[in-house]
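Me: I would like to learn how to read the features of a structure one at a time. Please give the general idea before each case.

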Amino acid sequence: MPTSADGVVFRDMTLEDVPAVDALEQRLFPADAWPLHMFLSELSQPETRRYLVAESGGEIVGYAGLMCIEPIADVQTIAVVPEFEGRGIGSTLLTRLITEAGLRGAADVLLEVRADNPRAQQLYVRFGFEQIHVRRGYYRDGVDALIMRLQLAPEGAPADAAPAHTPAPDPTTEAGKA
């Protein structure tokens, strides 16, 4: 199990993790939280999904998920508890999702981020994501979603070509709900 310098362990999410992840989801995103059955449904589709958790001291402190249906991958969620922000956990989770997207043949990685979450937006921009669209009133509280894209393969190149951008993570900034 890969571990960071401060003892954070990153691993695949399991069904046993869902109750803890659901509790964090409800705590971190009360207006936009996924219902428990969404995580169960996502984990039941490993052919197109990959979900990860970050643990510290046996407690889940972050999680992230990816859906990939060639040639597009979509970051479904990414979250880090506030007490662990700024330690590179969000950057590590995002790096692993981007790597997984490439391994699954994606040419592009898409995500939605709240227009009122500049910290998450900055993380994504550092990784090479560009805003390509706005979904007006996307979130339950009426906040817009910014649609962002990272090209893994240059325009017109096959998905297995060299990446258009190599992420340059900065461990000082973390993301909120994608």
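Reply: Accessible areas come from the Shrake-Rupley method with a 1.4 Å probe, and for residues only the protein chains shown count as cover. The protein chain here exposes about 8300 Å², of which carbon and sulfur atoms supply 55%. This is a predicted model, in which local features need pLDDT of at least 70 and side-chain atom pairs count only at pLDDT 80 or more, while totals for chains, interfaces and linings use all residues. Residues are numbered from 1 along each chain as its sequence is written, and side-chain values use heavy atoms, with hydrogens and water left out.

Me: How many helices and strands are in the protein chain?

Reply: Helices (H or I, at least four residues) and strands (E, at least two) are DSSP runs, numbered from the N terminus. The protein chain has four helices and seven strands. Their order from the N terminus is β-α-α-β-β-β-α-β-α-β-β.

Me: What percentage of the residues of the protein chain count as buried?

Reply: Buried means under 20% relative accessible area, exposed over 50%, and partly exposed in between (1.4 Å probe, protein chains only). Of the 178 residues, 48% count as buried. Contacts give another view; a contact means heavy atoms within 4.5 Å. Among contacts between residues at least 6 apart in sequence, 63% join residues at least 24 apart.

Me: How is a pair of aromatic rings described?

Reply: The description uses the distance of the centres and the angle of the planes. Rings of Phe, Tyr and Trp (its six-membered ring) pair if their centres lie within 6.5 Å; planes under 30 degrees apart count as stacked, over 60 as edge-to-face and the rest as tilted. By this rule the count comes to four aromatic pairs. One of them is W34 with F39, a tilted pair at 5.0 Å centre to centre with 45 degrees between the planes. F39 also pairs with Y63, edge-to-face, at 6.0 Å centre to centre and 80 degrees between the planes. This second pair links distant parts of the chain: F39 is in helix α2 (residues 36-43) and Y63 in strand β3 (residues 59-69), 24 residues apart.

Me: Are W34 and F39 buried or exposed?

Reply: W34 counts as buried because its relative accessible area is 12%. F39 is buried too, with a value of 0%. Y63 is likewise buried. W34, F39 and Y63 form one aromatic cluster.

Me: Which ring does the charged end of R87 sit over?

Reply: A charge sits over a ring if NZ of Lys or CZ of Arg is within 6 Å of the ring centre and within 35 degrees of the ring normal. The charged end of R87 sits over the ring of F84, 4.2 Å from its centre. R114 lies over the face of Y139, with 5.0 Å to the ring centre.

Me: What can side chains of opposite charge do when their charged atoms come close?

Reply: Such side chains can pair. A salt bridge is a side-chain nitrogen of Lys or Arg within 4 Å of a carboxyl oxygen of Asp or Glu. A search of the whole structure finds 13 salt bridges. One of them joins R50 and D12, whose closest N and O atoms are 2.5 Å apart. R50 lies in strand β2 (residues 49-56) and D12 in strand β1 (residues 9-12), so the pair ties together parts that are 38 residues apart in sequence. R50 is partly exposed at 27% relative accessible area, and D12 is partly exposed at 38%.

Me: Where in the chain do the partners R135 and E112 lie?

Reply: The side chains of R135 and E112 meet in a salt bridge (3.0 Å, N to O). R135 is in strand β6 and E112 in strand β5 (residues 108-114), 23 residues apart, and the pair links distant parts of the chain. R135 counts as partly exposed because its relative accessibility is 36%, whereas E112, at 14%, counts as buried. Salt bridges that share partners also join D12, R50, E100 and R104 into one network.

Me: Which residues does a cis peptide bond join?

Reply: A cis peptide bond joins E70 and P71, with omega about 5 degrees. P71 lies in the loop between β3 and β4 (72-80).
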